[in-house]
Amino acid sequence: MNSERIGPVIKGTGSALPRTRVSNAELAKKVDTSDDWIVERTGIKFRHIAQKDETTSTLATEAARKALDAADMSADDIDLIVLATATPDQTFPATATIVQNELGCNGCVAFDVAAVCSGFLYALSVAESMIRSGAAKNAIVIGAETFSRILDWEDRATCVLFGDGAGAIILSAEEGNSGILTTKLHADGAHNQMLYVDGGAGTTGTVGKLRMRGREVFRHAVTNLSSVLIEAMEAAGTTIDDVDWVVPHQANARILDATAKKLSLDSGKVIKTVDQHANTSAASVPLALDTAIRDGRIKRGDLLILEAMGGGFTWGASVIRY
Ligand code: UT7
């Protein structure tokens, strides 16, 4: 089989959100902030926050089940689970193995990938490579987070920005011209202190809380995302005019607008869910993708670019014929 023609194709998508939705006004009762500030600086209106019984694995399992249904497949068909998260249920074992057990496909390959907000792009790339090499045929690729558990609720500059959720896709080997055309990834560890968690199993022995220098992250995000989008489009032999939809990491509506402007991209082609979900880190791209597929905006045959940037820094983009 020609490796150019093997896909991997997206057979189905799913997502899951915690039951509890919190508005900016509700948050402003506990944190020194306002709906006006949050909307003007970020575009965020709501975020979903996990309750005690909701974890990264429960959200991931629900999203994976919905993706299997959408693909008309069962857990028995799956031979690979790659789960991107920075908020695993436990330090180990991998949350992917908890999801595997819940789905009942024990025995297949299952592991986590850590690249924070770019995690889904990294997980997608791993699954893509394993499918292309023949090591796997049908994969569940998941981005799932409960960032509310690593937020410092005394720090208004960060706690208003994030939410919890999960998104999943079924990625399969399939002959044809659809599927992932290319994925480009990058990392630059020199920027560790701009966005990090001040704890860890191997240092403090605690989970830690999220710390961010927002302005610097913002500046790097627009630069890195624009350049990786151009790099990915060039590698796929496409131009911005060929693209039907950009499905970006949902950190801040202003980052989405600034990146679109830099690329002369019609902002009407950018899927925005940041107003409803806030920043759900590794979950944000598959959550946005599933939302736009289910509401009918993204259709079979559309050319998509998925992109993200996050702590590390890490960043990446994937060009996909859906
Ligand atoms: O997912 C990984 C990628 N993450 C990102 O891409 C996030 C990137 N950064 C951002 O989105 C923005 O930098 C923020 C939304 C985090 C902040 O927006 P900003 O326009 O850069 O504001 P700032 O941090 O410069 O703060 C401006 C002012 C400050 O007050 P002074 O010093 O000007 O008096 C802050 O104290 O806004 C104040 N402020 C707040 N006020 C009300 C900061 N947070 C809040 C708040 N409510 N929640």
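How much space lies in the largest cavity? About 50 Å³. The points below give the setting.

1. **Basis.** This is a predicted model, in which local features need pLDDT of at least 70, side-chain atom pairs count only at pLDDT 80 or more, and totals for chains, interfaces and linings use all residues. Residues are numbered from 1 along each chain as its sequence is written, and side-chain values use heavy atoms, with hydrogens and water left out.

2. **The cavity.** The structure holds one cavity of 30 Å³ or more. A cavity is a set of points, on a 1 Å grid over the protein atoms alone, where a 1.4 Å probe fits but cannot get out; lining residues have an atom within 4 Å of a point. Grid points are joined across faces, edges and corners, and the volume is the space filled by probe spheres set on the points.

3. **Its lining.** Leu229, Val246, Pro248, Leu256, Thr259, Ala260, Leu263, Leu265, Val270 and Glu307 line the largest cavity. Eight are nonpolar, one is polar and one is charged. Here Ala, Val, Leu, Ile, Met, Phe, Trp, Tyr, Cys and Pro count as nonpolar, Asp, Glu, Lys and Arg as charged, and the others, Gly among them, as polar. Both β11 (245-248) and α8 (253-262) supply at least two lining residues. Helix α8 gives the most, three. Helices (H or I, at least four residues) and strands (E, at least two) are DSSP runs, numbered from the N terminus.

4. **The largest pocket.** Its volume is about 860 Å³. A pocket is an open set of grid points with protein on both sides within 12 Å along at least five of seven lines. The lining has 37 residues, and Ala86, Thr87, Pro88, Val197 and Val207 lie nearest the centre. Strands β5 (109-113) and β9 (195-197) are the elements that give two or more residues to this lining. The largest share, three residues, comes from β9. By class, the lining has 18 nonpolar, 16 polar and three charged residues.

5. **The ligand.** Asn252 has a side-chain N or O atom 2.6 Å from a ligand oxygen. For Asn279, a polar side-chain atom also lies 2.6 Å from an oxygen atom of the ligand.

6. **Arg41.** This residue is found in helix α2 (residues 35-42). Arg41 is partly exposed, with a relative accessible area of 34%. The cut-offs are under 20% for buried and over 50% for exposed, with partly exposed in between (1.4 Å probe, protein chains only). The C-alpha atoms of Arg41 and Ala253 are 8.2 Å apart, though 212 residues separate them along the chain.

7. **Strand β7.** All nine residues of β7 (164-172) are buried. In a regular strand the side chains alternate between the two faces of the sheet. One side of β7 holds Asp164, Ala166, Ala168, Ile170 and Ser172; the other holds Gly165, Gly167, Ile169 and Leu171. Strand β1 (residues 9-16) pairs with β7 in the antiparallel sense over seven bridges (pairing needs at least two DSSP bridges). Strand β6 (residues 138-146) is also antiparallel to β7, over nine bridges. Ala16 has Ala166 as its bridge partner, and Val141 has Ile169.

8. **Helix α10.** Why is α10 (residues 284-294) largely enclosed by the rest of the structure? Because nine of its 11 residues are buried. Just after α10, Gly296 takes a positive phi of about 90°.

Technical notes:
A polar contact is a pair of N or O atoms within 3.5 Å; within protein, one must be able to donate a hydrogen and the other to accept it, and residues adjacent in sequence count only if both atoms are side-chain atoms.
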